[in-house]
Amino acid sequence: MIVDYTLIAESLPVMLKGIGITFQLLFISGFLGLILAIFLLLMRLSGKWYLSFPAQVYIYIFRGTPILVQIFIIYYGLPQFGFIRSSIFWPILREPMGCAIVALSLNTGAYVSEILRGGVLAVGKGLIEAGSALGMSAYQKFVYITAPIATRIALPAYSNDVISLLKSTALASTITIADMTGIARTIVANTYAPYEIFISLAIVYLIFTFILQKSFGYLEQYLGRYTKREE
Amino acid sequence: MSEHSKKNLIQMKNVDKYFGEFQALKNINLEVQRKERIVICGPSGSGKSTLIRCLNRLEKHNKGQVYIDGKELTDQIKDINAVRREVGMVFQSFNLFPHMTVVKNLMVAQQLVRKISKADAKQSAMHFLERVKIPEQANKYPIQLSGGQQQRVAIARALCMKPKIMLFDEPTSALDPEMINEVLEVMVDLANDGMTMICVTHEMGFARSVADRIIFMDLGEIVEESKPSEFFDNPKNERTKNFLQQILTH
């Protein structure tokens, strides 16, 4: 097989025009998903079954079905219902971008809440008791003791999920969105050169994954600064 | 509230505590007056730790009454944290907050619970760090300190809350032998200052020289309660004799 370098050189800049969309999908969904995850976490930790149980069902459903299916249900399925079309959410759900962000946020929220829960459960019981013995309230103990330590513990698994979310954004191309993958698919349809295009696309994703990995690595080091004996 | 419970800083009346089926405390009666120094000893699993953990409600007793400075500890108690503020506790495993520097460990509860300004909290923190003789470690993280230093920080942290009572739950059991004395010195110092103290400990030298009363527990009961001289030289109960023989032979 002969690799057409000119084609790569010509298509790369075109694909990179999709970076904006890819990043919007990643950062907006990542942010909304994190907020959702914190709510789900608090529901699960509340100790009240009527909060904990719905959260568990939610997490089960969104972890138990493919993200692609979730995107399709939201994009093709929801508009079938009249009450959705007349609801305040319609301006968001009418747009493919809105649907993709909703689907990715709902999905990542389910995973991240379990990651955070793992962090919370790993915080030593003795530290919470020390907080109690000092007269700290449940809220104070959570905010000043549990949350900061749990964040550090959960960070490696969380960074994994963010990287996974970056790659999931490519699925948005299936509902007409022109992210990097969407543009690449259009170019392939026109040029019949899947190898050149998709391999260069893969390399672009690898570069972004590398940047994410490094950034989280630094963040881990910063948050873990108190776990090292030497100064 | 009886006249009696007002006079005592701590009172336990017929207290039972269960962990599931297992009865950890059996009919405990204990009165501690202001400035009294109590040492609790006994074999492991005898309920020593459970007893003092009932005094700041880290464990809830199932039967009987517990009074701290006249306030009864119950499920209905409105503000348990108001009681806990008055009762300092030092744990076997230090339990310093690992993500905060030493000085922050001492400041956080002062600011959050006692609503003291940052500057005042810091001043008070440095005062107590000097008292436990490690002001130079103020800006280190707990992990950078030795075990003995960490435990002294933990004592200082409890003292910052200006408690009326200090509870010590085997404060030297997790320490290397060469570090035990530095912690005991701080505790002796505290005792000499008139702090009301209850110490669960196996340090019999400390018990003999500091305690006003020694309480020996076994199988969830208070078996013997006496002055140190009597306790060591003339123990009455058979179980006490056995215990003392075992820990003092070596």
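This note walks through a predicted model, starting with chain A and moving on to chain B.

1. **Overall make-up of chain A.** Chain A has eleven helices and zero strands. Read along the sequence, the pattern is α-α-α-α-α-α-α-α-α-α-α. The C-alpha atoms of chain A fill a box of roughly 70 × 55 × 25 Å along the principal axes.

2. **Burial and contacts in chain A.** Chain A has 231 residues, and 44% of them count as buried. Now look at its contacts with a separation of 6 or more. Residues 24 or more positions apart account for 76% of these.

3. **Surface and charge of chain A.** Chain A carries 16 positive and 11 negative charges.

4. **Helix H10 of chain A.** This helix covers residues 180–191, twelve residues in total. From its first C-alpha to its last it reaches 16 Å, close to the 16 Å expected at 1.5 Å a residue. Which residues of H10(A) are buried? They are Met180(A), Thr181(A), Gly182(A), Ile183(A), Ala184(A), Ile187(A) and Val188(A). The cover over these buried residues includes helix H1 (5–16), helix H2 (19–45) and helix H11 (194–223) of chain A. Tyr192(A) follows H10(A), and its phi is positive, near 55°.

5. **Ser132 of chain A.** Find Ser132(A) in helix H8 (residues 125–133) of chain A. Is Ser132(A) buried or exposed? Ser132(A) counts as buried because its relative accessible area is 7%, and buried means under 20%. What does Ser132(A) contact, leaving aside its neighbours within four places in sequence? The list is Lys141(A), Leu58(B), Asn81(B) and Arg84(B). It therefore names residues of chain A and of chain B.

6. **The four-stranded sheet of chain B.** Chain B has an open sheet of four strands, in the order S2-S1-S4-S5, with antiparallel pairing. Its edge strands are S2 (22–32) and S5 (71–72) of chain B, and each pairs on one side only. In general, strands of a sheet pair through backbone hydrogen bonds, either parallel or antiparallel. Strand S1 (residues 10–19) of chain B and S2(B) pair in the antiparallel sense over seven bridges. Trace one position here: Met12(B) stands opposite Leu30(B) in S2(B).

7. Strands S9 (residues 213–218) and S10 (residues 221–226) of chain B run antiparallel. Five bridges join them. Met217(B) has Ile222(B), in S10(B), as its bridge partner. The hairpin of S9(B) and S10(B) has two residues between the strands. In this hairpin, Leu219(B) takes a positive phi near 50°.

8. Most residues other than glycine have a negative phi. Asn27(B) has a positive phi near 50° and is not glycine. Asn27(B) is found in strand S2 of chain B. Lys162(B) is not a glycine either, yet its phi is positive, about 50°. Where is Lys162(B) found? Look in the loop between helix H6 (147–159) and strand S7 (165–169) of chain B.

9. **Exposure of these two residues.** Asn27(B) counts as partly exposed because its relative accessibility is 45%. Lys162(B) is also partly exposed, at 45% relative accessibility. The class lies between buried, under 20%, and exposed, over 50%.

Technical notes: Residues numbered from 1 in each chain as written. Chains lettered and ligands numbered in written order. Predicted model: local features only at pLDDT ≥ 70, side-chain atom pairs only at ≥ 80, totals over all residues. Heavy atoms only, no water. Buried < 20%, exposed > 50% of the residue type's maximum accessible area, 1.4 Å probe, protein only. Contact = heavy atoms within 4.5 Å. Lys, Arg positive; Asp, Glu negative; His and termini not counted. Charge placed at Lys NZ, Arg CZ, Asp CG, Glu CD. Expected span 1.5 Å × (residues − 1). Pairing = 2+ DSSP bridges.
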